[in-house]
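Okay, thanks for coming, everyone. I'd like to talk about charged side chains today, so let's bring the structure up.

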Amino acid sequence: MFESITDSLNKVFRTVLGKAKLSEENVAEAMKEVRIALLEADVNTKVASAFVDRVKELAVGMEVIPGVDPGQLFVKIVYDELVKLLGGETAGIAWAERGPTTVMLCGLQGSGKTTTAGKIARRWKAEGKSPLLIAADVQRPAAIEQLKILGQQIDVPVFTQAGANPVSICRNAANAAKLHNADVIILDTAGRLHVDSDLMDELDAIREAAKPQEILFVCDAMIGQSAVDTAEEFKRRLPLTGAIMTKMDSDARGGAALSLREITGVPIKFIATGEKLDALEEFHPDRMAGRILGMGDVVSLVERAQSVIDEKEAQELQNKLAKNQFNLDDFLSQLASIRKMGSLKDILGMIPGLGSQLKGIDIDEGQFKQIEAIIQSMTKDERQHPEIIDARRRVRIAKGSGKGVKDVNDLLKQFGEMRKITGRMGRLGMFGKNGQQALEAMNPNALTDLARGRTLFGSKKQGSKAQQKKKDRKKEKKKRRR
């Protein structure tokens, strides 16, 4: 997500940081590169030009603060303007004061509306609400069946009406909500092109019948500027209140997200970052600007952790860490929690200073399963007291897990090192209530090694581009010597 523009902007910042003075000349040169970076990220031409002009005007005329690097002030200006570009403040949902809140989803075919309906319903149910899904897509074969399956997976009721048209189905949604005691109604409408007048008229009729508090445009980030153009056309026909960007995890450019608010005036309210039903995040402009600039997003990371880790279990774990009693059973439990949080690369990218180090690194999510297999091949005593695992036991564990003895040795060695680190952190009182403090204490280099797979099963075959170039140079030198 945003890898392309993050890399380009960081290159620009490296040329500006450390300069004793920001002149009109070097600011203009830097902003020329920023403009190219934005255009390469598929940001709308007008948006890119306006952004560059605003930053240039502020940077050239800014008052230098004594003791502060002018380059750092330049980065701060870019950050502030990015936040404004993305919407400024977090746009929440307009909940109804009385009765159920109705949310209408619309957009192109294949943008992910039905899956997004399930994701939103799951999120709001976890927040204590009682959602009801309305199957109003009668155009796409199996759309209703898909919504039913999603409803079963998240234990949310789905209202269907065989043989009825979408307008009638949505008109009857309020009565269905009373029967199910629902306080949130989510209308899953069929995908359509903005040039299809009849289908656009149908959306307008649904809006009149259901009177939704929110009309959210579901937007595929992968199609770039086409998504923004389509959103603009939909806005001409419907009073859109927000947008949901889907497939953000597959979009390295991010041009649609950076252009949407500026072009349409429609705020982004959620982003989907994966196929799983829990892969949905509330959109925060300030946090997203931090991610784009490679500053990480500790707040969102802590929120993710809090959503999957039980408070009582977390307190017990803190006590164990503080007393250096952390064992392999606890480690296995934490691995399960991390897997629930989403993609490992996405999680590591939220840690300040680490996102840029992950470029070109192939993160093997399958390593989790390998670690689990090794630990589960141990006896209860071995998991709780790893120090008793001698050579004979290691051979048995390796056979039981289908791995090599070296893999078992690597895991136990790394676990021993981790216990030493957590023991030191515990003695320093770093396992208090503030989870952010512990996250900020992490060593980015150590985490990068984990991402590369160095710490568990040896070096991975596929490392960073820089590493590969270094290896190639060594091979070339050997050939010359021969």
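Let me start with a question: is Asp 407 buried or exposed? Asp 407 is buried, at a relative accessible area of 15%; buried here is under 20%, exposed is over 50%, and partly exposed is in between, using a 1.4 Å probe and protein chains only.

A quick word on what you're seeing: this is a predicted model, where local features need pLDDT of at least 70, side-chain atom pairs count only at pLDDT 80 or more, and totals for chains, interfaces and linings use all residues. Residues are numbered from 1 along each chain as its sequence is written, and side-chain values use heavy atoms, with hydrogens and water left out.

Back to Asp 407. Its salt-bridge partner is Lys 403, with the closest N and O atoms 3.9 Å apart; the definition is a side-chain nitrogen of Lys or Arg within 4 Å of a carboxyl oxygen of Asp or Glu. Lys 403 is partly exposed, at 26%.

There's also a network: Arg 54, Glu 81, Lys 84 and Glu 262 are joined by salt bridges that share partners. The structure holds 20 salt bridges.

Now, Arg 383 and Asp 329 pair up at 2.6 Å between the closest N and O atoms. That one links distant parts of the chain, helix 18 (residues 380-384) and helix 15 (residues 328-341), with the partners 54 residues apart. Helices are DSSP runs of H or I, at least four residues, numbered from the N terminus. Arg 383 counts as buried at 18%, while Asp 329 is partly exposed at 26%.

How values were computed: Helix = DSSP H or I, 4+ residues; strand = E, 2+ residues; numbered from the N terminus.
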